[in-house]
Amino acid sequence: MNVWVYDSDDKLNEAGAGIISGIVQTNPRAVLGLATGGTPVGIYKQLVGDFERGMFSFRGVTTFNLDEYVGLPENHPESYRAYMNEHLFRHIDLPSGQAHIPDGNAPDLEAECRRYDERIEDAGQLDLQLLGLGHNGHIGFNEPAHALIKGTHVVDLAEETRKANARFFPSLDEVPRQALTMGVGTILKSKTILLVVKGADKADIVRRALQGPITTDCPASLLQTHPHLVVLLDRAAAEKLS
Ligand code: GLP
């Protein structure tokens, strides 16, 4: 694993965007796994700036988002579809048919999960999966559990996760109770994994994820087994690493 620690948020975002754009420049038909949450916003902003400066095109790229809430209308400001449109998709030349996000409003959610996995399978292996980190060690919405699921599945969100995400909603009650998430099997099959974590509130979980035992109680700890894991941390998030 390669761990990089940054004092400046701008430098961290530039590094993250640079890794993604490097993959797209080398392979214009790259398949990218994308993440939402507060953490990658600056990376997307940098990527959009680089795109506007003509550094690369997303025309041949295919993307798969990690997750989506169940039951939020697509145009709800907190749906992950709306987030991706706002922070990335509407600014770049990625054809809309190549930007995949699981449909949390599908009439048959199990069938939607199977459909999503088939789409990923058809696109081939993910070249890169961008990840943030939940306070309980979740990746995507793979919550700590006795056993983890390989493929895309419906998940009951942990109370801790709903509380953490309540900052984006008018009240905790409005945070959905379920989501669809890519499974850890798919995430771990990605050729490169780019984990980005910021903030002192994540310092404990960063240590558990990167230096603790490998356990399903901390899904991110499975990333330690990945042959090409790149971790970008700000100084505060890296504080408790030995
Ligand atoms: C969310 C998302 C994750 C994200 C994580 C951290 O619930 N499902 O994909 O990485 O929690 O979010 P944030 O970056 O806002 O701290």
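**Pockets, loops and cores**

Asp-117, Ile-120, Glu-121, Gly-124, Gln-125, Leu-126, Thr-186, Lys-189 and Ser-190 line the second largest pocket, where a pocket, on a 1 Å grid over the protein atoms alone, is an open set of points where a 1.4 Å probe fits, with protein on both sides within 12 Å along at least five of seven lines, and lining residues have an atom within 4 Å of a point. The model is a predicted one, in which local features need pLDDT of at least 70 and side-chain atom pairs count only at pLDDT 80 or more, while totals for chains, interfaces and linings use all residues. Residues are numbered from 1 along each chain as its sequence is written, and side-chain values use heavy atoms, with hydrogens and water left out.

The elements that contribute two or more residues to the lining of this second largest pocket are helix 4 (109-123) and helix 6 (184-189), helices being DSSP runs of H or I with at least four residues and strands being E runs with at least two, numbered from the N terminus. Helix 4 gives the most, with three residues. The lining divides into two nonpolar, four polar and three charged residues; here Ala, Val, Leu, Ile, Met, Phe, Trp, Tyr, Cys and Pro count as nonpolar, Asp, Glu, Lys and Arg as charged, and the others, Gly among them, as polar. The space in the second largest pocket is about 170 Å³, a volume being the space filled by probe spheres set on the grid points, which are joined across faces, edges and corners.

Thr-152 is located in the loop between strand 6 and strand 7, and it counts as buried because its relative accessibility is 8%, buried meaning under 20% relative accessible area, exposed over 50%, and partly exposed in between, with a 1.4 Å probe and protein chains only. Leaving aside residues up to four places away in sequence, Thr-152 touches Cys-113, Tyr-116, Asp-117, Thr-181, Met-182 and Gly-183, contact meaning heavy atoms within 4.5 Å.

The largest pocket holds about 530 Å³ of space. Its lining is made up of 32 residues, and Thr-36, Gly-37, Gly-38, His-138 and Asn-165 lie nearest its centre. Strand 4 (67-69), helix 3 (80-87) and helix 5 (159-165) are the elements that give two or more residues to this lining, with the largest share, four residues, coming from helix 5. By residue type, the lining of the largest pocket divides into 13 nonpolar, twelve polar and seven charged.

His-138 is placed in the loop between strand 6 (128-131) and strand 7 (153-156). Its relative accessibility is 11%, and therefore His-138 counts as buried. The side chains of His-138 and Glu-143 are joined by a polar contact of 3.0 Å, and, not counting residues up to four places away in sequence, His-138 touches Gly-132, Leu-133, Glu-143, Thr-161 and Pro-219.

Helix 3, which also contributes to the lining of the largest pocket, has Tyr-80, Ala-82, Tyr-83 and Met-84 buried. The buried residues of helix 3 pack against strand 2 (31-34), helix 2 (41-52), strand 3 (62-65), strand 4 and helix 5. In helix 2 lies Val-41, which counts as partly exposed because its relative accessibility is 26%; not counting residues up to four places away in sequence, Val-41 touches Tyr-83 and His-87.

In soluble globular proteins, nonpolar side chains tend to be buried together. The largest nonpolar core has 60 residues, of which Leu-32, Phe-58, Leu-88, Leu-195 and Leu-223 touch the most other members, a nonpolar core being a set of buried Ala, Val, Leu, Ile, Met, Phe, Trp, Tyr and Cys residues joined through side-chain atoms within 4.5 Å. Helix 1 (residues 9-26) gives the most to this core, with six residues. A second, separate core of ten residues includes Tyr-69, Val-155, Ala-166 and Val-175.

Notes: Polar contact = N/O pair within 3.5 Å; in protein donor to acceptor, adjacent residues only side chain to side chain.
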